[in-house]
Amino acid sequence: MTMQKKIIITGGAGFIGSHVVRHFVKKYPEYSIINLDKLTYAGNLENLKDVENEPNYRFVQLDIVDSGAIQSFFEQEQPDGIIHLAAESHVDRSISNPMEFVMTNVVGTTNLLNSAKNIWGTRKDVLFYHVSTDEVYGTLGETGKFTEETPYSPNSPYSASKASSDHLVRAYHETFKIPVKISNCSNNYGSFHFPEKLIPLFINNIKNNKPLPVYGKGDNIRDWLFVEDHAKAIDVIFHEGKVGDTYNIGGNNEWKNIDLIKLLCKIMDNKLNREIGTSEKLISYVTDRAGHDFRYAIDSSKLMTQLGWKPSVTFEEGLEKTVDWFLNNETWLQRVTSGAYKQYYENQYKK
């Protein structure tokens, strides 16, 4: 089969990236999909065991901060599209080590843009698709939602680095005429989620009767998006979105952290045959995170009305699916939390 398009997906071994890789590999057998990932602590090729032997899939271990390596790779591969998900993404880590986030999210994105500019020239049949976050917009009060016109107002080193990368992608579009698209999504959840994040961390803690540390009073509000719905949205925007445009992706699922945690406790008590209320006793309140945004909520109406995308599951359905996956994949969780998977794959892919 002649491959119609060659697409590089950066960060494809990560949580969201692995779902995007799987979606594109399975849905578009005529595309050549290259998963480019550094394999940091959050990159895990076990996430893609079900597609690693597909004829249209290939993995390459590279660091996007290495400009020379990225340029050589782009010259060699001559991709038709880039879906850029590689990023440092944990807010707490950005507070303790901001420079790491600047290097990957700002410098790394610029390296990719430069390499794309160098090999594409004036081509218009190509695309640089940058996947970003709703955190670039800052925080909301009790009402209103983020739209594509909301001014940027990042409050953490993580969101500031993502805002910078968004601006650079737009600047390269305006200055160098690279065809680009950007999407900003709300909090994702689902299978293969790295266990430092709230939902998988708390599933694991509940299962092992460990404390559930809640920031502040748990009043902070997030809009939750099922990761498989996010992958489908990226597909729609990649193929049908307007070049130069931004699209917000949200699940229309606003939950206070404490209400989400109590729902999770109830689901887990049911699944583990515990008396309802048992897991709630594990909740403890800890000092609030520095610069903790109060509320995020995404207005996805542009994506829904212009491109016809909509979420496929309610939060309750998606959360139940997520809990089932984590309870049925204990080996994956143990290997990820111990770091055992890294040794295996690093040995396998050593150059």
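Tutor: A charge sits over a ring if NZ of Lys or CZ of Arg is within 6 Å of the ring centre and within 35 degrees of the ring normal. Here K117 lies over the face of F176, 4.9 Å from the ring centre. The charged end of R222 likewise sits over a ring, that of Y296, at 3.9 Å from its centre.

Student: On what basis are such values given?

Tutor: This is a predicted model, in which local features need pLDDT of at least 70 and side-chain atom pairs count only at pLDDT 80 or more, while totals for chains, interfaces and linings use all residues. Residues are numbered from 1 along each chain as its sequence is written, and side-chain values use heavy atoms, with hydrogens and water left out.

Student: What is the mean pLDDT of the protein?

Tutor: pLDDT is the predictor's confidence in each residue, from 0 to 100. The mean for this protein is 91, and 95% of its residues reach 70 or more. Over residues 344–351 the pLDDT is below 50; this stretch has eight contacts in the model beyond near neighbours in sequence, a contact being heavy atoms within 4.5 Å.

Student: How is the length of a helix checked, for instance that of α1?

Tutor: Helices (H or I, at least four residues) and strands (E, at least two) are DSSP runs, numbered from the N terminus. The expected span of a helix is 1.5 Å times one less than its number of residues. For α1, residues 15–27, the 13 residues should span 18 Å, and the end C-alpha atoms are 19 Å apart, which agrees. For α5, the 20 residues should span 28 Å, and the end C-alpha atoms are 28 Å apart, again in agreement. Just after α5, K177 takes a positive phi of about 65°.

Student: How many residues of α1 are buried, and against which elements do they pack?

Tutor: Buried means under 20% relative accessible area, exposed over 50%, and partly exposed in between (1.4 Å probe, protein chains only). In α1, 10 of the 13 residues are buried, and they pack against β1 (5–10), β2 (31–37), β3 (57–61), β4 (81–84), β7 (187–189) and α7 (227–240). One of the residues in α1 is S18, which counts as buried because its relative accessible area is 0%. Not counting residues up to four places away in sequence, S18 touches G12, A13, N47, L48 and F192.

Student: Is N220 buried or exposed, and where is it found?

Tutor: N220 is found in the loop between β8 (212–215) and β9. It has 6% relative accessibility and therefore counts as buried. Beyond four places in sequence, the residues that N220 touches include W255, D288 and F294. By contrast, N114, in helix α4 (residues 98–120), is partly exposed, with a relative accessible area of 26%. Leaving aside neighbours within four places in sequence, N114 is in contact with Q71 and Y172.

Student: How is an aromatic pair classified, and how many does the structure hold?

Tutor: Rings of Phe, Tyr and Trp (its six-membered ring) pair if their centres lie within 6.5 Å; planes under 30 degrees apart count as stacked, over 60 as edge-to-face and the rest as tilted. The structure holds 19 such pairs. The rings of F101 and Y158 have centres 6.3 Å apart and planes at 75°, so this pair is edge-to-face. It links distant parts of the chain, with F101 in helix α4 and Y158 in helix α5 (residues 157–176), 57 residues apart. Both F101 and Y158 are buried. The pair of Y189 and F226 is tilted, at 5.5 Å centre to centre and 50° between the planes. Ring pairs join Y189, W224, F226, W255 and F315 into a cluster.

Student: Which residues have the most contacts inside the largest nonpolar core?

Tutor: A nonpolar core is a set of buried Ala, Val, Leu, Ile, Met, Phe, Trp, Tyr and Cys residues joined through side-chain atoms within 4.5 Å. The largest has 34 residues, and those with the most contacts inside it are I9, F24, I83, Y129 and I249. Helix α7 gives the most to this core, with six residues. Apart from it lies another core, of 32 residues, among them F194, L260, L282 and F315.
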